[in-house]
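Here is a short note for a first look at this chain. Please keep the structure open while reading.

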Amino acid sequence: MPATSARLAAWMGSQKRMSCGTHHNSDRFQRRFGYNESWIKINVLLRLPKGFQAARVALALALMGGITRGLAAETGQLDANLTLFSVMAALNAAGFDADLQSCFNHPLRKQVRQQIAAKNPPSAFELKRFLRDHRLGDDAQTMALFVSFALVVEAPSFKYRVRENDVPPEVTALSGLQDLMKKFHQEAGIDELWKQAQPWIEKQLAAYHEPASRAVLEANGYLRNVTSGYLGRRFQIYLDLLGPPNQVHTRSYGDEFFVVITPSPEPQYEEIRHRYLQYLIDPLTLKYSEQIEKKKSILDLALAAPALPEIYKNDVTLLVQRCLVKAIEGRLMSGPGASEKRQQWVQQAAAEGFVLVPYFSEALAAYEKQEQALRLYFPEMIQGIDLRKEDKRFENFQFASAPFPRKPRHTCQQEEVVTPSGLDKTLEDAEKLLNARPRQIEEARKLFLSVLADTDEKAKRAKAYYGLARIATLEKNPELAERQFQRVLELDPDPFTKAWTLVYLGNLSDLAGEADRAREYYQAATAVEGASAKAREQADRGLKGEFRRKAQ
């Protein structure tokens with residue numbers, strides 16, 4: 001072992017003993033706070049002495065990556081939601097046609113609208129009248145109102161699931177909607193539509209898994225957090241496939257922080273990171289609000305900015321929070337031309353009225369060179385705000401008359417709409433037949449077999465065998481199903497297909513009474529990078545023995 005590595009290992013060992021020695025009942029402490037061996041290692045790494053900074057960052061981020069993936073899988077930080085699905089289905093049934101012709105709508109929106117229209121539930125007429133009476137100034141505001149409602153109730157009863165004090169006033173004003181939604185949910189058969197939508201949902205969740213995990217990891221890494229914020233708080237991302245495209249909604253109720261994302265041409269990675277940074281920074285600014293209040297005269301500079309929303313001109317704590325988040329986003333920019341990009345980012349933020357972004361950008365450069373986590377360094381940053389210096393910085397400064405345009409939005413004209421063709425289309429058609437109600441098994445089987453006959457491409461053959469294996473399970477032929485699922489694993493399956501294949505093999509092993517073998521499959525499924533949240537959930541249920549008990 002090289003001398004540096006040996007010294008590092010020895011120092012970490014001594015620090016670990018010190019960390020463990022501070023808790024008289026480490027098992028109880030671990031159960032209460034979720035601390036474990038990885039957490040202790042990270043805690044030690046964050047205290048490494050000078051000369052080990054590079055090792056500290058690299059090793060801590062690697063360990064945090066494992067914790068972040070485990071946390072996301074355990075708590076379902078990225079998911080879809082039945083209540084939100086039901087409310088958005090109702091909104092569509094009521095005639096909410098915002099961006100209905102956009103090519104970036106998810107196909108599920110049109111499908112659900114057609115299915116509900118065919119059923120013609122009596123409550124749909126009442127919903128149309130309700131929407132007419134409660135529609136706000138524009139479609140985005142109306143959408144936001146119903147998102148707020150969906151996040152504080154729970155289907156199928158649609159009773160409030162939060163404390164009365166946490167129900168926002170605009171939701172309280174939606175008198176009668178709870179009873180109306182309960183009726184619509186039943187009449188429209190939302191539970192069945194939700195089940196049918198799962199393949200779409202799981203595919204979208206799989207697409208978001210990597211960018212969402214990366215956004216959380218980057219933010220935690222920069223702030224040097226070893227957990228996702230303060231104990232007892234919750235950060236939750238919900239994907240909404242029934243809403244108009246290109247929208248992101250954020251809500252905070254008590255200790256819960258929600259981000260709702262509608263369809264878009266590509267995963268909203270930067271929006272997720274931005275919202276997650278807000279979630280992490282908000283408690284800091286509230287904790288030190290008294291110190292921040294002493295810098296309130298900074299608002300005099302912000303008042304002169306036409307593009308700055310009024311809420312930031314009247315609340316110095318909110319202004320500090322938003323400026324710090326923006327400054328962190330700038331510091332996280334990397335790649336070719338990163339320095340120029342950061343400088344432009346800071347200049348534009350200042351021109352829009354976020355007057356503390358230049359200061360925080362400078363302060364964060366100093367933060368990066370020291371050892372403390374941001375939650376400990378933050379008071380020093382607030383103390384360092386020099387109001388006279390900031391007055392001087394903005395002397396004769398020209399503010400922008402309107403916000404700068406953000407990242408160019410994709411349009412249907414700019415973006416080629418890719419539709420499945422050839423064997424991809426054949427596989428998609430086969431899946432639709434297999435998931436139809438009633439299932440069209442023979443037609444689906446023919447299409448899967450035709451793919452096997454027409455290609456040697458491993459990924460496509462894996463999907464075809466995956467379809468045939470599921471048909472075998474439906475036909476109560478476990479031996480054939482197992483052989484075909486094993487064939488999937490021998491090929492080159494994508495993460496979605498691989499994870500579900502392992503879950504199915506675990507189910508088959510449970511049915512055969514092979515509990516140990518089933519456990520191996522479930523564990524392998526949870527370890528698949530990019531597996532859907534639903535597949536991980538089913539694997540976790542398998543590890544708890546739920547399917548084994550059913551088999552017995």
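Which residues does Leu-319 touch, not counting residues up to four places away in sequence?

1. Leu-319 touches Ile-298, Leu-299, Ala-302, Leu-308, Tyr-312, Gly-353, Phe-354 and Val-355. Contact here means heavy atoms within 4.5 Å.

2. The model is predicted: local features need pLDDT of at least 70, side-chain atom pairs count only at pLDDT 80 or more, and totals for chains, interfaces and linings use all residues. Numbering starts from 1 along each chain as its sequence is written, and side-chain values use heavy atoms, leaving out hydrogens and water.

3. The chain has 28 helices and six strands. These are DSSP runs, numbered from the N terminus (helices: H or I, at least four residues; strands: E, at least two). Of its 552 residues, 46% count as buried, meaning under 20% relative accessible area with a 1.4 Å probe, protein chains only.

4. Leu-319 is also among the residues with the most contacts inside the largest nonpolar core, alongside Phe-184, Ile-328 and Phe-360. That core has 111 residues. Helix α11 (residues 190-223) gives the most to it, with 13 residues. A second, separate core of 36 residues includes Leu-433, Val-488, Leu-505 and Tyr-521. A nonpolar core is a set of buried Ala, Val, Leu, Ile, Met, Phe, Trp, Tyr and Cys residues joined through side-chain atoms within 4.5 Å.

5. Look next at strands β5 (residues 248-253) and β6 (residues 256-261), which pair in the antiparallel sense over six bridges. Pairing requires at least two bridges found by DSSP. His-249 stands opposite Val-260 in β6. Two residues lie between the strands of this hairpin, where Gly-254 takes a positive phi near 60°.

Terms used: Buried < 20%, exposed > 50% of the residue type's maximum accessible area, 1.4 Å probe, protein only.
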